[in-house]
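This briefing goes through selected parts of a structure, by topic. Please keep the sequence and the 3D view at hand while reading.

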Amino acid sequence: MKIAKVTAAAAVLAIAVAGCGSGSGQGGSGDESAVKSLTVWRLGDSTPEQTDFMTKINSAFEAKHPGVKVTVQWVAWNDYTKKFQNAVAGGKGPDVTEVGNTDVLGWAKQGALADITGQVQGWAPAKDIPQALFANDDLEGKRYGVPWYAGDRGFLYRKDWFDELKIATPRNWDDIVAAAKRLQQAKGVTGLPLATQADATYFIAPYIWGNGGELATQSGGKWTSGLGSPQAKEAIAFYTGLATKDKVSPVASAGWDSLKTESMFTSGKAGMVMDGSWARPVIEGKNKKLKGKIGSFAIPKKDGSGPAPTFAGGSDLAVWRTTKAPKMAWDYLTLLDSKKNATAFADLTNFFPTFSDVLKSAKYTEDPFLAPFATAMSTVPKTTPATPNWVSANQDKTVVQTMIADIIKGKPLDAEVTKADGQLDDLLNQ
Amino acid sequence: MSQTPTATRAPGRAFSPRPAPRHRPRIGRRLARLTPYALLLPAVLLIGGLLLYPAYRMLVMSFQNVGLPQISGVLPAENVGAGNYTDVLTDPDFWHALLNTALFAVAAVSSTLVVGTLVGLLLHRLGRVMSTIVATGAMLAWGTPQITGAIVFKFMFDDTYGLANQVMRHVPAALTRPVFGNVDWSEHSWVLSTQSEYFLLLLCIVWMGFPFIAVSVLAGLKSVPSELYEAARVDGAGPWRSFWSITFPVLKPIFSILGVLSVIWDFKVFTQLYVINGGLTNKDGFNLSLYSYSKAFGFGAQMGLGAAIAIILTVLLLIITGLYIRQMVRTEGLA
């Protein structure tokens, strides 16, 4: 029998409402000896390497806290908004969680995360994390998260095909188009599949920034969208033109996210893809034939005068507001984010640790695959507009993504950019 | 609530056709009178707890400003009067979703009924072995969980890996051009335009919905006396004529019920559309259910707004089914 979905949803809500009275306790009694389990949410795929790593951390923690059992739950990136939302509504969250670094402010505002200002002050390694990376964690004078790892996006390409076809590493926008066309012709694959949904904003942003544009700027407490500037418009025209003009990605890409473009690269159906340094181990794990055949280069500026500023994406760690064991949760968090463990984790996943002293080591600047990413990140790492409204504008209203998708579907560029520009102005100043 | 026979024949009436048993004590009589209500109680409690109370909460919520802070108890819920309703009714997304919902319901109900009836007629004609095979196939489609079916359809119609595009590539362009226009089938997306997305949804819903219609029609057909068809054949009626002159009139009550049920089901499709639409990013593809869900559970969780949309959807459905049932009762004297 089909029962009204809305009614079922209402039933869930009703239960949530009924249960909320008991769920809002802050657990501040101080005595945590009765707590025998700790739940940790990790975002992304549970590859064997990642699970091994977490198991090691957990045993170290359990040895320090006898009788406590740590459970790690894996939450897919694309599902995580919903999972957090349900947890906040239902009062059943984890104790410690990973959070996308651009989303910390949004979740803090929704009441999901605990205020850890005091704990961070007493934590020595914090002084080696750049203040810029903490910008995403501070809301109204309180701190809600700690940077754990970071990374940026660039190009991954098929080294074997580039060698075979004698394509030089692209240094400017024209090179990218030429390389993609050549791959498409010679290999019968998609030259450069474009992501337009989900995290697509972070793929188009470097083109805008590298061209001297901005997503949005703040002055006097008011945010102004930068999408309508000529620099930004030129970048948007280039990005969408890859599909509409150069045809190195099909019109169907108006419905694609980066999981899809990555899967196309993984299955050998694409010659290049824009992705993070962290994607390489994932891709090689899924398709062993690509081991050693993946090269990388940074997203260039239009004229080739260097790498474009990229978005420093990554994850922070936070304590869930309703945890019954805030002390143990903080203890776990600092174990996971110790210099040793955070670096080990970053190396495992091809991300970068956030400690500036560790970042300067030769192992990042001299690795041929990592160096383009490391260089781009060390030039001018950018973050998205630091306002809780950004999350809503980017994740719920998907202003930039809808703009890109609609232009690729064939709507006029000028009108779409003007529309998105106005929407962003409104949404950021709510 | 209909009364049970025990309740109508209340014992102890002065002129009861059946004499009340003289030896039954008063308490027993009272108990007997209460029995039907006692038997109804579990069902009432269940429906009350699982359906009526949540529905009531939803109604209350639709007049309040409810978000995550209110649900988790950080802030109290404020009364906003009809504010949620005016927000919804002035939102162009709502009217777009309503249009999608209504057009889809019309297309889906008629297609499901036609396909289901045809398969029902086919099953009636087939021999034992073939009808078992066809019926098993149909039952499998019916038994497939909604989410599984939707994922399979989505994958079959995937732009890069899907079977549909591989097949279409081998169909001569002369055949596909009149329907689809000039399409490059190598990486054609079936979900980019709203029409195409709903076409995919239609296939999925009809595939999952026709077996129920087919089985109901078949059950009805079994009860039609075969003499009627023999007489029709003697009079020279072809299959088309005998369907409209015999089968349809005899089965009309069944079609009426199936019609109401299909309208209710197809008006509030959720699972399949959620999967085919790829979540909540593509607002052009929303129907009312998805629109309501996106407001209540999307980022920013405006649950009061979501509740208001759900109430509007419910009222719309009640009006449509109410009109339909009234029409049925009028024309056929059917209760």
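The model is predicted. In chain A, an open sheet is formed by 6 strands with mixed pairing, and strand β3 of that sheet has 5 of its 5 residues buried.

**The open sheet of chain A**

- The strand order in this sheet is β2-β1-β3-β12-β6-β13.
- The edges are held by β2 (69–75) and β13 (352–353), and each has a single partner strand, so one side of each lacks a neighbour in the sheet.
- Strands of a sheet pair through backbone hydrogen bonds, in either the parallel or the antiparallel sense.

**Strand β3 of chain A**

- Strand β3 covers residues 96–100 and is mostly covered.
- In a regular strand, side chains alternate between the two faces of the sheet.
- In β3(A), A:Val96, A:Glu98 and A:Gly100 point one way, while A:Thr97 and A:Val99 point the other way. All of these residues are buried, A:Glu98 included.
- Strand β1 (residues 37–43) runs parallel to β3(A) and is joined to it by 2 bridges.
- Across from β3(A), A:Val40 stands opposite A:Val96, and A:Trp41 stands opposite A:Thr97.
- Strand β12 (residues 313–319) pairs with β3(A) in the antiparallel sense, over 5 bridges.
- The bridge partner of A:Val96 in β12(A) is A:Val319.

**Strand β7 of chain A**

- Strand β7 (residues 153–158) is largely enclosed by the rest of the structure, because 6 of its 6 residues are buried.
- β7(A) pairs with strand β10 (residues 272–276) in the antiparallel sense over 5 bridges. Within this pairing, A:Tyr157 has A:Met272 as its bridge partner.
- β7(A) also pairs with strand β11 (residues 294–297), again antiparallel, over 4 bridges. Here A:Leu156 stands opposite A:Ser296.

**Contact between chain B and chain A**

- Chain B brings 37 residues to the contact and chain A brings 42 residues.
- The chain B elements that give two or more residues to the side touching chain A are α2 (26–61), α3 (68–71), α13 (271–276), α14 (288–297) and α15 (303–332).
- α2(B) gives the most to that side, with 7 residues.
- By class, the side of chain B that touches chain A has 21 nonpolar, 9 polar and 7 charged residues.

**A:Ser392**

- A:Ser392 lies in helix α18 (residues 388–396) of chain A.
- Does A:Ser392 count as buried or exposed? A:Ser392 counts as buried because its relative accessibility is 14%, and the cut-off for buried is under 20%.
- Leaving aside neighbours within four places in sequence, A:Ser392 is in contact with A:Lys397, A:Thr398 and B:Phe299.

How values were computed. Residues are numbered from 1 along each chain as its sequence is written. Chains are lettered from A and ligands numbered from 1 in the order in which they are written. This is a predicted model: local features need pLDDT of at least 70, side-chain atom pairs count only at pLDDT 80 or more; totals for chains, interfaces and linings use all residues. Side-chain values use heavy atoms; hydrogens and water are left out. Buried means under 20% relative accessible area, exposed over 50%, partly exposed in between (1.4 Å probe, protein chains only). Two strands pair if DSSP finds at least two bridges between them. Contact means heavy atoms within 4.5 Å. Ala, Val, Leu, Ile, Met, Phe, Trp, Tyr, Cys and Pro count as nonpolar, Asp, Glu, Lys and Arg as charged, and the others, Gly among them, as polar.
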